[in-house]
Amino acid sequence: MDRRDFLKFLGISSGTAMISSCGVDKANEKIIPYLIPPEQDVYPGKPVFYNTTCTECPANCGLSARVNEKVYDEVRGLFPTKAEGVKGHPINNGALCPRGQASLFRLYHPKRIQRPMMRDNDGNFRVATWQEAYAYVTTELQAAKEEKKDNLYFSGRTTGTLAGLIGRFCEEMGIERLPEFEIFSHANLRKANEIVFNQPEVPHYHIKDADFLLTIGADILETFVSPVSNAAQYGEAVKNENFTWYHLEPNLSMTGLKATTRLAVNPHSEIYFLAYLLHALSRSDIRKRRPSWAIMNMVPDPSAEEVSQKTGISAENLEHLVSAFFIAKRPLIITGGVSTAQPGGLEAALLTALIQAAMGMNDTVVDFAHSQNYEKVGSMLDVQELLERLRNKAVGVIFISRSNPVDDISANFNFVEELKNARLRVGMSDFMSASMQECDVVLPLSHSLESWGDAAPRKGIRNVIQPAIEPQYDTRTEGDVLLEIMRTASGQKQGPDYNQYLIEQWHSLYGESETVSLIENGYIEEPVSPLSIAVDTRSVESYLKNTDFSREVAAQPVLIITPSIRTYDGRSKVLPLLNEIPDPLTTVTYGEWVSVSAVAAKKMGLKDRDEIQISVENENLNYPVKVQNVLPENVYMVQRGLIYAIKTDIDSRSGEASWYLDNISATKTGAVIPLPILSGSMHEEGRGILSSHESVVEHSEHYNEKLKEEVDVEEERIYPKHPHKNYRWGMTINQDSCINCAACVAACYVENNIPVVGQKEQLQGREMSWIRIEPFVRDDRDIEFTLMLCQQCDNAPCEPVCPVYATYHNPEGLNVQVYNRCVGTRYCSNNCPYKVRRFNWFDHRLPKPWDKMYNPALSVRGRGIMEKCTFCVQRIRAAEDMAKDEDRLVRDGEVVTACQETCPTKAITFGNLMDDSSRVSQIARSDEAYRVLEELGTEPAIHYLRKKERKSEA
Amino acid sequence: MNKLQLKPVMLGIAAIVIGAVIVLIQNILIPESGGTFLLTLTFWVALIQGAVAVVAAADASAAKWITPLKRELLSFYPLILFIAILFLFLGLQMDVYPWIDKQNKWLNVPFFLVRNFLAMLVLYIVAHFYAKATLANSEGKGRWAIAYLFIYVTVQSLVAFDWVMSLAYPWVSTLFGGIFFMEAFYTGLVIAALIAAYYLRKEVEDPVSMSKVLRDTAVFTFGFALAWAGLFYAQFLVIWYGNIPEETSYLVIRMHHSPYMEIFYVSVFFLFILPFVGLIGRKAKISPNWVTLVAFIVLAGIVLERILFILPDASINPIAAVAEFILMGFLFLLFFASRDQFIKALEMSK
Amino acid sequence: MKRRIMPLVLSAYFVLFIIFVVLLAYFWNRDSKTPVQPINFSHQIHVSKVGLQCTFCHDKVDKSTFAGIPPVQKCMSCHKNVKTESPEIQKLTRYWEEKKPVPWKRVYSFKIQNYVYFSHKRHIKAGLDCSKCHGEVKLMPQMKRVRQLEMGWCVSCHKANMAPTDCVTCHK
Amino acid sequence: MNEQLLFDDKNKFLQKLEELVKSGVSPRNIAVSTPYPVHEVEHILKTPPSPLRFFTLLGALFGLLFGAWFTSWTSINWPLIGGGKPIISVPAFVIVAFELTVLFGGVISFLGFLFLTRLPSVKSIISPEEYGNRFVIQIHSEEKK
Amino acid sequence: MRSIDYNEQLEHEVLAALRKPNPWYWVALVICALLFGMGLTLWIYQMLKGMGVAGLNNPVGWGVYITDFVFWVGIAHSGTLISAVLFLFRAKFRNAFNRSAEAMTIFAVMTAGLFPLIHLGRSWFFYWLFPYPNQREIWVNFKSPLIWDVFSLGWVGSLRQWWHYNRLYIFLAAFATPLVISVHSVVSWDFAMSIIPGWHTTIFAPYFVAGAIFSGTAMVLTLVIPMRKIFRLEQYITLNHFEKISQVLLFTSLIVTYSYIVEFALAFYGDHQFEAAHFTYRLLGDYQPFYITMLICNSLIPLTLFFRKLRRSIVYLFILSIFVNIGMWLERFVIIVTSLAKDFDPYSWGLYTPTMVEVGITVGSFAMFFMFFLIFAKVLPVLSITELKEEASE
């Protein structure tokens, strides 16, 4: 039943629009009416928004899909053209990460599986109908039962109604449901929490309530559990003047670079620090609840010297840290990521838990009541067990749903081979992944923007999943598939489909009215029973009995396999946009690389793009190098998801897969591999771009006093300042809260129809992004980032040189680019000191069907045209249009640019600089405000807020 | 005029006396305003070196038109040395320069004085040999002429970049040197015109050739008025268009703020518009009185422009300035009047 | 004779470009002013005779950038029983039964559609009469284009009425 | 009665010319044609400066004014700000004006030239060799009282 | 008596060059025509495919095309100058070169005029650059240096034909000189008006004018020397002529060198980090070889012309002229590319390497130039007969 009936069923007739596409329209020659008009008015220039859920990673942020009416391929219809965050959503509050922004590329991906497929006799895939697929699967299930083989259900993390349905399905069909499979299963963390608190869960960390944050290895701003939520909370936290944040990590992460103080620790040495901290704590008088003596005695008590010698943290830093930790009112300590995914990870997590308990964090900032719904997620141990069963030919039918184990674990296990031992392999996915290639029956799943459903990202929150477009291909939701199979098995013809099932669920859970609000708001918060968290001393003791902490620090050099902010665990690698956007830290776009510390590179005589061979005892890996300053000398980094083929150890106690390869050796091969590195130079060379640069400080002070004293600038000008009418649009970028996650970059691409040009062009240095993140090394101890986009200069050097007025300054202070007037002299770009103008070297239209996501509100530029950021002029115009209807001026905050809208930390403010009361002009007047390359007198409309000075130590 | 004739020795003494007086005025009466001294130097250095350069240029391009005025124009060459020495006393008033308290590799007092003095010294020596050669009309005069022009360009560029431009440190304009040696040449031409006109009125020389010289000098003056405008515009436009505060500040103060503004417009009028319009006509070019008038106006223009360059950054004491100009002018006339004395000597010496 | 060739070479060289421009200009605007519509719909009858308001069918004109063309359903609401005998109406009914929308031919369109953003709403709200651009539609048995939608024409009107002439008003 | 004298040698030709002028033939009645311009002729015949200069001046002035007007008018016609420069940026427009000055100056001088020399067609200028390489003096005597 | 038979002999010999076309002439002509055709084809390919077929990229928006443009404009005006300036100064040796110089001007202007179109991203809209009355009611931006170019280039050619008539000559010459200077200043301002370090400098106008005369004079030599040989014009284009022209060459070379020095020195004069960084890059950076070669060709080698012997050695002058041509082309290349490759924001630095398309079009442009010149050599007397007579007679 389509969307319309569904909502009818719920008694919702208005509020949200109906998907109904019809009509044929040869773009210009014909003009096509609807056959039957949609129930609610949707027309060009008035998009609708559907609140649903982002399914790019387990965090399940609230996603609000913008749907525009437009004509595509001779069809007038409604198409999702942009993903935004759901306003006020408890997890992401209006923000999205780059993966979320890019998720439309998955919806319209040409490589999606479009119809069910089964293997024919000679093992090739053939198109099948759903019916025969169902029939085949059910018979096979039956047959397997008779063979006394057990049928298994193997899926990725699943929450909400679907989880329940799967349970019911397995029950009815006599299928054993395996623990859910996630690469980042946080196994050690959960195991430790189980030991200490009997809570095998990932808690919800209230970062925004903390005044002191100590993170150990957890890349909270990038991929750790729920990054957008963390980032949003961080954005809140930094508003607090005396918020301090220490980050300890063996590698180098953007999270670390954002911390007030980042301390590099030797790999595997975290436990010494934690043990030291725990003891220091129990000794000090500020402790809340000291762990039992028994426990304390079993935890080694290293001296400060020993610790600093093992970890590499200087004694005084250690001192600072501990004291800061103790004086904090609401401290929060989080251990995770690289620091738990290591041989000593479990101990590290355990000690952390003890510290949390001792500091009484569990009743404040470490919240198990709202834990992250990871309890059903298994670990590598479960995978090992599964393989065991496969090896013993004990497996009949195995369902593999929403996961790609073949790629994820092939390095460790010969999964492909073992899988062949199963009687039948049924795959459910949207892509023909390596795992699907191994299946006999492949059932295409609808994208979440095509289907109804719900999700429970963490306890206490239920997100709705609702369609923004009707299924483009012959696909089904997983729920429907399961119900259909059950029905076929039971032989009954008719039955409720998944949508009805959902509605029943919701009604029973929330009642009618709540359900409606669930659908309209996109989420609903349900009360959770408070938990009383106490240390289970016995289990801790029994655990500690048989652990030795005397673990040696890793034999260096080590290779660390980190998650990637662009592809998470690799699942988002298929989205072209995420390859087009540079990795913020290295500015590498397409391809795989290994980050080598500047020191090591110098020693080995390595330059960017030189190939090196990394050899562990039995295997060799060859990758091009990206020289990475600040990275500790003996640490090499690769990103998981870009690189699968690395075998790592598995912790036999928790099943956590280590992210480390110890004792590697790296050698230069002499080959050079083309690798698109977008940054021309990592060194700012005192250009006055970084906030730390003294000329910037000086200029900004000069500028600020000018503003305050209203000095008449005319005196200093060779020609008079030109007037603005009503508006002077401007922007402020707060470099303190900006976390360089590149969400803005992705948002800009999608909002402004910016072409994705591919690797070849990028190697030529022809990237098209209108907004970019520029990393600059600062005296080799720190990396500062800055956001660069068109500065909308008042005296823009690019404007006067255009021979045909294709670019000019409009009365509202926008540096306008008139695309259809541009003849492509590229003079403007040459003359732009910020180099933010982009030239269309070729016609780069997105290939079908990706071009469905083009934003109809502005043009798609053809070859030979210069393009650039115009502060989302289409949005400004829309707001002005609305204001004009009500015969008023645009209100402050009414225009929201794409980059601003998606920013998790709300670092970007946009508005009218002429209106002194507007937020933007107030921020622009603050003392931290400065403008890039002020000395050129270009009078930019973008004001950066200087990053607060921090004592960095590395 | 002949009353002023002096023996070379006396000339030397006169020079020393006048020089001494100027230095005294500068360091006793107005020690604080080095600008005045700079004004005197920059003007006369142009006048003197320019006059010789005109002859040299004519010789280098094997042009004949200047021959009748050779001796007159060359009579000033010893003053090159005089200026060089006088310049050394600027060392006592280096505080006019803003870079004095943050000196760097190029801009530091000793090097500043040494390089400029040496350059002018060399120029003087070359000028000496050149004068000799050209008066004797020997083979090598062409070569000496070229040599002179080389060093002349160098010296004038130094004058521009070191003496004047560094007043507005760190402001930079690469064309400044070009403007200066062009202007020096311009002044030289004007002097030639003046002398020609003077002779025509006094009818001491053969009027036919003189009137020809007058016309040619007038034509060139006309041309250089255009050239001046061109260079000035070339510099102005680039800065105006680029609109970089560091650069524009220099123009803004001189073009938008009284009194510099007025000085600016007057000097443009004197250096470009008036000679251009004034000398466009055929008759104008051959009327001695008219040409004299224009010539003096151009000289005034040059002075004003120098003032414009200096004044905003360094104070100028009007009375002292006038005094110094009179003294220099007098010395100038002395050399002109007594040219026969030492020019003959020069011609004799083999 | 030979002396003539120089000027010839030159003039030929420059004339080439001029010819190019002229051709361009020629091929620029050649599209029919009165396209033949699938159904011979007469605005004259509907407006003058029946007396329908423009907004009766083009109901989005004051809400949307796009005037909106009535859904077939709307036509049928009357023509279920009005004038069912006329062949043209039978065409319409056929479309309706086949659940096909009527492929009307577009009469007005911008040369570079992709780059021009025209809003009907704004112009209606500004109190413009439809006929200002579309001519006396009520007298047109067959719809025909009375204006070549060229920039100059828009601009002149904008200037005359103090409407914004900022480029981003229409180009995004 | 018209007299025509042909010379092969320039000096002879010039001598004769001087004689004629000395003998009181008014320069107005003498027309000369030479294979290439001989500047002395002007001295001898004391030909008044050609009025061509006025055409040139006229053209130049026109060009200047037109340039100034055209640039300013087009800029005002649709005032668009670029780089904060004034709508009418004189320094920039000066260049265009200057170029037009030169253009019109040149073109109009040429037209003036055609007009003055009363040459109906360009053709006859292009081939001035009616007399081959000879120097010619023509004397129109309209002394008939 | 002497002058008359001299004149007839002169006419006979000069015009003789026009009669018998020798086979090599045809070979040369055909080769040029083919290369020219290739150039055009590549241009069309570029229009259809997009600017991307050239090696240009994000920081470096201008490359070989603009280099060629400036180069050809430079050559164009040497002709004008030779005939005009030298006329004003009554320099006689002008005459011998006059015709070829003028022809050169016309062809070079035609060639130069093509490049602004070639380098446009949307060449098919080139006519938007002209201020013609249009229905859009939108004119061109007279503030843009590119428009100044349009004006200065548009008609240079058209003015040229009329120059054979001496009475008019003086006036047109009087106009041509400021014209040439203005055109070159304008071309230089294409760069100087921007704020990019290495472009934004006041000396550019005179520097480019000198550079133009320099390269132009060199090109005159390159063309005239073989022509003199082929058409046996030794008697009319004498060593003295060459000596004079090589003096001009030397003089302009010195001016250009002066500009190099001043430009470089003043970059380090104050605390102008951008300028300093830029010129350091020019000297030591990726394009160092070009810069060095440029210095050698334009500043060092011409110094040899101080020796009279070399000034009078035809072969040497020919070789030298080639070097100067190369040097001047490189000069423009270095100025354009190095300045763009590394400007203010280090993140956006990048390198530029020309592609075969650009090379092909450049070659095509040379072919076009020589093709026209060959035709000219056969169609019109290479020397201006009238002027030579005039000269001979004095």
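**A tour of the aromatic rings**

Across all chains of this predicted model, a search of the whole structure finds 109 aromatic pairs. A pair of aromatic rings is described by the distance of the centres and the angle of the planes.

Begin by selecting F43(B) and W44(B), whose ring centres are 5.1 Å apart and whose planes stand at 85 degrees, so this pair is edge-to-face, a term that applies to angles over 60 degrees. Now colour the two residues by accessibility: F43(B) has a relative accessible area of 4% and is buried, and W44(B), at 6%, counts as buried too.

Next, select F93(D) together with F142(E), where the centres are 6.4 Å apart and the planes are at 85 degrees, so that this pair is also edge-to-face. F93(D) is buried, with a relative accessible area of 5%, and F142(E) is buried with a value of 0%.

In chain A, select R766(A) and W841(A), where the arginine lies over the face of the tryptophan at 4.9 Å from the ring centre. In chain B, select K285(B) and F222(B), where the charged end of the lysine sits over the phenylalanine ring, 5.6 Å from its centre.

How values were computed:
Residues are numbered from 1 along each chain as its sequence is written. Chains are lettered from A and ligands numbered from 1 in the order in which they are written. This is a predicted model: local features need pLDDT of at least 70, side-chain atom pairs count only at pLDDT 80 or more; totals for chains, interfaces and linings use all residues. Side-chain values use heavy atoms; hydrogens and water are left out. Rings of Phe, Tyr and Trp (its six-membered ring) pair if their centres lie within 6.5 Å; planes under 30 degrees apart count as stacked, over 60 as edge-to-face and the rest as tilted. Buried means under 20% relative accessible area, exposed over 50%, partly exposed in between (1.4 Å probe, protein chains only). A charge sits over a ring if NZ of Lys or CZ of Arg is within 6 Å of the ring centre and within 35 degrees of the ring normal.
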